[in-house]
Amino acid sequence: MRKLFLLIVTVSFCLIGLSQGLLAQKKMKVVTTLGYLKYVTEQVGGDRVNVTALANPKQDPHYVTPTPRMNEVANGADFFIENGLSLDLWAKNVLDASGNPRIQPGNPGHLVATINVPVKELPTEISRAWGDIHPQGNPHVWLDPLNVRIIAENIANRLKQLDPSNSDYYQKQLDDFRYRIDVALYGEELMKIIGKKAGDILTRKTRNDELLEWLKSRKLDNKLGGWMKTSARIAGQKVLSYHKTYIYFADRFGLNIVGELEEKPGIPPPPQYRDAVVELIKREGVKVILNDNFYSRDAADYVASKTGAKVVITYVDVGASEDTQTYENLITFLLDQIAAALA
Amino acid sequence: MEQIFYFPETMIWPLLACLVLTGIHVYLGVHVIARKVIFVDLALAQIAALGTVTGVLLGYEVGKDINQLYLYSLAFTFFGAFVFSMTRMRGEKVPHEAIIGIVYAVAFATTILVLARSPLGPLELDRIIKGELLWVRSNLVIKTAVLYSVVGAFHYIFRKRFIAISVHPEKAEQDGINVRLWDFLFYMSFGFVITSSVAIAGVFLVFSYLVIPAVGAMLLAEKISTRLIIGWVGGAIISFIGVKLSWHTGLPTSPLIVCLLAVTLVVAAVIRYLRVAPNWRRAVLNLLASAVVFGLFCAGVLFFAKREEDPYEHTVHMLESKLATDRTVAIGKLGSFPDRKNEWLPLLVKRLSDDDAEVRKAAIVEIADLKDRTATPQLIPLLHDPSSDVRDKVLKAFRVLGDTSVVTSLITSGNQEEDPEMKIEILETALELGDARAIPAFIETINAGGLFGGDAFDQLQRHLDPKFKSGDVAGLKKWWQENRNRIEFDPQTKRFGAR
């Protein structure tokens, strides 16, 4: 009798273990290069995905040293997402070393998240003289929430293709996430007033630079909330940045970036460039220098000492600090930091 | 001429920094070469860097905890100095340079390991190598000059011992000097200097200041005092020329100085060669022959430069590139080859069905710019594009092209469109192209009311001949009921009126 009891207990434990194993296996294993891609994938994939980001969000996304651990993670992945646009070029090393055919470029298990995104600063000349760190245009697209809407859609579409049985779920998750971003951008009140397709309509108006004009003509300008409202604090203000990290952010929120501290990434600038930057800051009355946390502060401190401008250390990826654990927090953090420094 | 005498005010501090470095490093370089430990500064610099990144790993922040991090790097350097003084062997069974090389490699590797765990990342490694000479500030230069004066004074007071243990260590030991102690003091002061110098100028400029003037001076003189003077004067002149030239040419300062130092070394070597050569005619011929070989080498390198592809061919290739951004750029370039339009137009039309919305948009805009109506059949399906941005661009293209063959498709998709704002835009495009069937659809939207009812009224009203007051929906509807069968479009004003 006792033996039978033990047997039943053992078998039922095994079954529980097995079923949990099966349930766990059902989750799609997704690997992303950057922290923000992980966040967006988690929002869209919900409880059907298990996401790992390879890069340390505190580090420079241009230069990440692949490790055996990354290769191992990629080896077990069902789906690999990279930013593309020559930002996370190191992803190629990880893909090569992963020995995982499913996630190689050209297969459904590989996605360049920034397809369909309007890329700025595309090279004007097609020549090998491009020799630029951004040969495919500026890759820092995610600091514009409207681009994150597109990226979320790209990821959702691919998840549907890879896991068709959960298509409806992914669509719902995508709609929910986009609604959250739209509310964060424009405020809930305005979204409700416009009603059907409000996100798409406001996005189009914003992209065509006719949002405020249109809201005024419809007497809705006092209903605008969210980032588009709070960004009024920084709109038109002049700042300088270390690298061209913020052009999408600046375009969206009306910040005026008058120049960069670096001339060419990775090469010490020529002396005349440095003096021109100091002159520029004095002439334009720039009050703030944005220095990404992973860039050396020497240049910014030098310029600050000559001009009295303030250096703000910024984070640009989700998860880089306590204040930037979600995408929404990251944008709020940047808006608040810049506004506080300008005040 | 003015250029020659001009020295930019803003370059004074970098120049003074270079002169401070020349002062101490030429002197230390003479020691380092006598001891045959050329790479000791690379090793100590790397150890100092390891100290900094370790400090960062333990929670200190770059730019904030400057003093703590400096102490970390200094402590590490002193430890390195201790290792180097302990590993110098009598009789040199293992060359000291081998141990220095090993320490360098291990310190470098450890730095990378530590960086893998710290937020600084590989950029910090880059900074250690290249330095931040251009961003140096007055207070740092003055502080460094004072510190180096102290080190210099220390070396001057005990010059006999320091020179003895560097040049004749065996004899020094016989004379009763504690070689290990003075070795440690030497490496300690050396490491102290290196830590500060690398923070200003980076590893490779510091290394060059240490070794190149000293080697050049060695070629030209025997006495230590003469060598020092040659090194100091030469180093100072090159620093001045380098900083000035960097200003005028726009080239980065530190690497330019390194290359100029190397050029002067070649000049010094030629002078020495001519001085010691037994037959100067032969020597000159040899030099000329070397110059010819060098010239041939350079010419060969340039000869094998990659040939540029024909710009048109290249653009066409880029249209098929795997990268969406390349395709977008290539579309924009097509217009610069107007004589070959017949060749590329089909390729452009093909891009209307590209996977990437941005490429489709670029193709639509380009076709609209061309005012070419032959592609209209391929544009119509894009009215149902998943991206509303693309739909928006197609409508704009239809207005520019003015092709009335699309109106039926417009009315159909306008009636299907769920997005109220987009619906108005589609119908307005139909109005603009002169199709009165859009008017009932507009009136339907106006009847639905709400935010976009108002929008629809405003847009419709702009295309009607009798003016209606804003909000006069009843008047507009009445007019339409009375005149719907005798409506006519005026293509000039783009307005509908009753016949």
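## Getting started

A helix here is a DSSP run (H or I) of at least four residues, and helices are numbered from the N terminus. Keep in mind that this is a predicted model.

## A four-stranded sheet

Let's start with the strands. Chain A has an open sheet of four strands, lined up as S2-S1-S3-S4 with parallel pairing. Strand S2 (49-53) and strand S4 (110-112) of chain A sit at the edges with a single partner strand each, so one side of each has no neighbour in the sheet. On average, neighbouring strands of this sheet are turned by 20° against each other, direction ignored.

Zoom in on strand S1 (residues 28-32) of chain A: five bridges link S1 to S2(A), running in the parallel sense. Within that pair, Val30(A) faces Val51(A) of S2(A). The sheet also has a helix packed on it: H4 (residues 91-98) of chain A, which touches strand S3 (79-82) and S4 of chain A. The direction of H4 makes about 165° with that of S3(A).

## Helix H6

Next up is helix H6 of chain A, 20 residues covering 167-186. From first C-alpha to last, H6 reaches 28 Å, close to the expected 28 Å. Its buried residues include Tyr169(A), Leu174(A), Phe177(A) and Ile181(A), and also Arg178(A) and Asp182(A). Just past the end of H6(A) comes Gly187(A), with a positive phi of about 90°.

## A cavity inside

Searching the whole structure turns up one cavity of 30 Å³ or more. The largest cavity has a volume of about 50 Å³. Among the residues lining that cavity are Leu34(A), Pro57(A), Trp142(A), Phe294(A) and Asp317(A).

Technical notes
Residues numbered from 1 in each chain as written. Chains lettered and ligands numbered in written order. Predicted model: local features only at pLDDT ≥ 70, side-chain atom pairs only at ≥ 80, totals over all residues. Heavy atoms only, no water. Pairing = 2+ DSSP bridges. Helix = DSSP H or I, 4+ residues; strand = E, 2+ residues; numbered from the N terminus. Axes fitted to C-alpha atoms, helices over the stretch in contact; angles between N-to-C directions. Contact = heavy atoms within 4.5 Å. Expected span 1.5 Å × (residues − 1). Buried < 20%, exposed > 50% of the residue type's maximum accessible area, 1.4 Å probe, protein only. 1 Å grid on protein atoms, 1.4 Å probe; cavity = no way out; pocket = protein on both sides within 12 Å on 5 of 7 lines; lining within 4 Å. Points joined across faces, edges and corners; volume = space filled by probe spheres on them.
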